[in-house]
Amino acid sequence: MNRAVLSMAMGLAMLTVTQEAYSAEFTLESYFTGKTKATGSFSAINGVKRQFDVDLTGTWNGKTLTLREDFKYSDGERDTKTWRFTKIGPGKYTGTREDVIGETVVTIDGKVAKFDYLVNLGTAAKPNKVHFYDTMELKSDGTLVNTAWVTKYLLPVAKTKVVFRR
């Protein structure tokens, strides 16, 4: 077999393996256990725009996914947040994070996860509570795209988009 045919056959085999890997059931633990990278943007109606990169590290203990997010914003600011998602049933999780008020419930249907949560973007002395509505969709190329609408008093005030890659 010549090199061109061999190379093409190997490429098709890898494509098939990749497609099969991402056609399996989508779960938070299967996607986020280990290392994941992401890029994202945030834009608000007041003109604030931010770009960021995220290095994620996920550990799964059989019941809870602990997902550390290390953010680096384009202006040089850094931040770390840690989600804890506990599986409560097939395609269902509860989640908490240090800046989330209460907990969220994540529901996965096929390749789409949806959840919403209340966050204080301000301080304890001067709170700025907003509501995030996240939709994560696993694409056939293995990327996971998260689009979130941010509302305050039920009015949309910002949008964020994050693309995760394994």
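## Basis

The model is predicted: local features need pLDDT of at least 70, side-chain atom pairs count only at pLDDT 80 or more, and totals for chains, interfaces and linings use all residues. Residues are numbered from 1 along each chain as its sequence is written, and side-chain values use heavy atoms, with hydrogens and water left out.

## Largest pocket

The largest pocket has a volume of about 940 Å³. A pocket is an open set of points on a 1 Å grid over the protein atoms alone, where a 1.4 Å probe fits, with protein on both sides within 12 Å along at least five of seven lines. The volume is the space filled by probe spheres set on the points, which are joined across faces, edges and corners.

Elements giving two or more residues include β1 (34-44), β4 (78-89) and β9 (129-138). Strands are DSSP runs of E, at least two residues, numbered from the N terminus. β11 gives the most, with 5 residues. By class, the lining has 25 nonpolar, 5 polar and 9 charged residues. Ala, Val, Leu, Ile, Met, Phe, Trp, Tyr, Cys and Pro count as nonpolar; Asp, Glu, Lys and Arg as charged; the others, Gly among them, as polar.

## Strand β9

The covered face of β9 holds V130, F132, D134, M136 and L138. Its uncovered face holds K129, H131, Y133, T135 and E137.

β9 runs antiparallel to β8, joined by 9 bridges. M136 is the bridge partner of A113. β9 also runs antiparallel to β10, through 8 bridges. Strands pair if DSSP finds at least two bridges between them. Here D134 stands opposite A148. β9 and β10 form a hairpin with 5 residues between them. In the turn, G142 has a positive phi of about 95°.

How values were computed. On a 1 Å grid over the protein atoms alone, a cavity is a set of points where a 1.4 Å probe fits but cannot get out, and a pocket is an open set with protein on both sides within 12 Å along at least five of seven lines; lining residues have an atom within 4 Å of a point. Helices (H or I, at least four residues) and strands (E, at least two) are DSSP runs, numbered from the N terminus. Buried means under 20% relative accessible area, exposed over 50%, partly exposed in between (1.4 Å probe, protein chains only).
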